[in-house]
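Here is a short briefing on one protein structure. Look through the model first, then work down the points.

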Amino acid sequence: MPGYRLPDLTYDYAALEPALSRRIMELHHGAHHAAYVKGANATADQLAEVRANGDPDALPGLERTLAFFLAGHGLHSIFWRNLSPEGGGEPDGELAAAIDEFFGGFDEFRAQMTGVTATVQESGWGALAWDPIRRRLVIHQINDHHFNLTITCTPLLVFDAWEHAFYLQYRNGRAEYIEQLWSLVDWTDVSARFEAAQAGRSAGLVDCALTSDWPGREVLT
């Protein structure tokens, strides 16, 4: 049975310097993200065995563990695509108009996204997402990897606030790290996710990161 895979980056580990060092990227993608993929594969195998053996008492813990690993896998897969060596600046088109409508302008949006990411308690993420029920953009904190977004929301832009994303380079300077992330944001990618989410086509841009069809190398369990 095909397993979950670690996606290849579309740029070299050193391509995001000086904002993110090669060493940070090597560890973050090649070790931390890879560990989530490996954990997801191992837990999925355990779940299959438990179900085959008819042992429902073991299901809750394994289901929670799988959700943690898969959310970490999915969020990181979005994060890598949200960044680009040619990133930065501001969005245009429909995304820019939506940011103006729902946040009062790009500067206000940036301040909110920065604040949400900077104040995550311990480990987590800041996320710009599309809420299809209210038909609006929203910003949320994500604790650890667990989506405390409305279940229907689609993440468009995510900022990793876990220490492994920045500590080696920025030490405890989370605010400085977040400031540097803005210079890397690939607004073409975020805009494409926004367009797809509005049309109910998020699977093609987000959910594929959670399947064996995502292009990348397999992480063996």
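Helices here are DSSP runs of at least four residues, numbered from the N terminus. By that count, His28 is found in helix 1, which covers residues 22-53. Keep in mind that this is a predicted model.

**The annotated site**

- An unreviewed UniProt entry carries the annotation "binding site" for His28, His76, Asp160 and His164.
- These residues are spread over 137 residues of sequence, yet they cluster in space. Their largest C-alpha distance is 12.2 Å.
- His28 has 2% relative accessibility, so it counts as buried. The cut-off for buried is under 20%.
- Among the residues that His28 touches are His76, Asp160 and His164. Phe79 and Trp80 are also on its contact list.
- Asp160 lies in strand 4. Asp160 is buried too, because its relative accessibility is 0%.
- Asp160 is in contact with residues including His28, His76, Trp125 and Tyr177.
- The side chains of Asp160 and His76 make a polar contact at 3.2 Å.

- Three strands form an open sheet in the order 3-2-4, and the pairing is antiparallel.
- Strand 3 (136-143) and strand 4 (154-160) are the edge strands, and each pairs on one side only.
- On average, neighbouring strands are turned by 25 degrees against each other, direction ignored.
- Strand 2 (residues 124-131) is joined to strand 4 by six bridges. Ala129 stands opposite Pro155 in strand 4.
- Helix 7 (residues 187-198) packs on this sheet and touches strand 2, strand 3 and strand 4. The direction of helix 7 makes about 150 degrees with that of strand 4.

**Salt bridges**

- The structure holds seven salt bridges.
- Glu26 meets Arg22 in one of them, at 3.7 Å from N to O. The two are four residues apart in helix 1, so about one helical turn separates them.
- Glu26 also forms a salt bridge with Arg23, at 3.6 Å. Those two lie three residues apart in helix 1, again about one turn.
- Glu26 is partly exposed at 26% relative accessible area. Arg22, at 35%, counts as partly exposed, and so does Arg23, at 47%.
- Asp131 and Arg134 meet in a salt bridge at 3.0 Å, N to O. Asp131 is buried at 4%, whereas Arg134 is exposed at 53%.
- Salt bridges with shared partners join Asp12, Arg22, Arg23 and Glu26 into one network.

Note on methods
Residues are numbered from 1 along each chain as its sequence is written. This is a predicted model: local features need pLDDT of at least 70, side-chain atom pairs count only at pLDDT 80 or more; totals for chains, interfaces and linings use all residues. Side-chain values use heavy atoms; hydrogens and water are left out. Two strands pair if DSSP finds at least two bridges between them. Axes are lines fitted to C-alpha atoms, for helices over the stretch in contact, and angles run from 0 to 180 degrees between N-to-C directions. Contact means heavy atoms within 4.5 Å. UniProt positions are given in the numbering used here, feature names are shortened, and annotations may be inferred rather than shown by experiment. Buried means under 20% relative accessible area, exposed over 50%, partly exposed in between (1.4 Å probe, protein chains only). A polar contact is a pair of N or O atoms within 3.5 Å; within protein, one must be able to donate a hydrogen and the other to accept it, and residues adjacent in sequence count only if both atoms are side-chain atoms. A salt bridge is a side-chain nitrogen of Lys or Arg within 4 Å of a carboxyl oxygen of Asp or Glu. Lists of a residue's contacts leave out its neighbours within four places in sequence.
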